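Trainee: I would like to learn how to read a fold. Can we go through one together?

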Amino acid sequence: MADMGAEKHIFAGLEGVAERAVELRHELHRHPELGYQEVFTSGVVCRELERMGIEHTRGWAGGTGVVGLIRGGLGEGKCVALRADMDALPIVEETGAGYASTIPGVMHACGHDGHMAVLLGAAAILKEQARGLRGTIKLIFQPAEEGGCGAEKLCAEGVLEKPRVDAIFGLHGWPGLKVGMVATRAGPLLASVDGFRIVITGRGGHAASPQDAIDPVLCAAACVTALQSIVSREVSPHDAAVVTVSQIAGGTAFNVIPDRVEMNGTIRALSQERHRSLIESIERICRGVAAGYRCGGAFAYYGPQPVTSNTPALAEFLREPA
């Protein structure tokens, strides 16, 4: 897309752009917002795009998504999209940082503030080079990445059309890598994400007379332990999967056996086939355990967000400049 004559200038002024990106990251970090509530956040994004003279539209995906366009000065060509997510998490920040969250119980703990700052910085560089570019760059600021299906809503609203996107790139800050390192791969990169809920039902009673009750707490504990066998005994060591029970709730008093226990968790897989097998295994194991403990079991699933799979040619395309 770029005119080779502009290539030597593309990082001119990068230090100033980076300083501004850090300022924006801190501003966004101080004001985190949950999915579909990113009103302040989208306002900052629009303010910066307007300051740079980049045309944009807001109101996407329920109201908080923002899409910008940088049109190349060399005429029509391919459209490349760059994407960043916007939402924060319901987590209390205890970092003590000077730019820590000012919103109680909400924090940019997954780095989306950094993603937006990086994309705005890239937008500043690309806008400066627009006259030497052919085609269009679409800047996508996506709300509700944390389980809210914001990307799906954007796609349903036509974010990949008018102009039609030929390729799209995103990034994720990864603290496990050395600073300055870029990592990618062809094919599956990030696992699918699915949530599950398991409700174990028994018969409540006095904790001092367990023989008169059917204890769902004991059954739930056995289910959690048994579920760990799925990855260790049903998934090949050459494959990868995750089954995690992350929430358990049941009972209202220390001396009363409850009549139900609810468990919530997540499964991750790198293929649709593995995803289906994990669900089948969870139900098979929990129904069997529940029957053994004279309990009932009910199951619900929400998701999945599909596997993020890189087009091999684009992964290789990224490798050279990286």
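This is a predicted model: local features need pLDDT of at least 70, side-chain atom pairs count only at pLDDT 80 or more; totals for chains, interfaces and linings use all residues.

Trainee: Which residue in E4 is the bridge partner of glycine 68?

Mentor: First, the terms. Strands (E, at least two residues) and helices (H or I, at least four) are DSSP runs, numbered from the N terminus. Two strands pair if DSSP finds at least two bridges between them. In E4, glycine 68 has as its bridge partner leucine 139.

Trainee: How many bridges join E1 to E2?

Mentor: E1 and E2 run antiparallel. They form a hairpin with four residues between the strands, where alanine 61 takes a positive phi near 50°. The number of bridges joining E1 to E2 is five.

Trainee: What is the order of the strands in the open sheet?

Mentor: The sheet has five strands, with mixed pairing. E2 and E4 pair in the antiparallel sense over six bridges, while E3 and E5 pair in the parallel sense over four. The order is E1-E2-E4-E3-E5.

Trainee: Which are the edge strands?

Mentor: Look for strands that pair on one side only. Those are strand E1 (55–60) and strand E5 (167–170).

Trainee: How many of the residues of E2 are buried?

Mentor: Buried means under 20% relative accessible area, exposed over 50%, partly exposed in between (1.4 Å probe, protein chains only). E2 has seven residues and is mostly covered. The buried count is six.

Trainee: Why are H1 and H2 described as roughly antiparallel?

Mentor: Axes are lines fitted to C-alpha atoms, for helices over the stretch in contact (heavy atoms within 4.5 Å). Angles run from 0 to 180 degrees between N-to-C directions. Under 35 degrees counts as roughly parallel, over 145 as roughly antiparallel, 65 to 115 as roughly perpendicular and the rest as oblique. H1 and H2 are therefore roughly antiparallel, packing at an angle of about 160°.

Trainee: Which strands does helix H3 touch?

Mentor: Helix H3 (residues 112–128) packs on the sheet. Its direction makes about 150° with that of E3. The strands touched by H3 are E2, E3 and E4.

Definitions and conventions: Residues are numbered from 1 along each chain as its sequence is written. Side-chain values use heavy atoms; hydrogens and water are left out.
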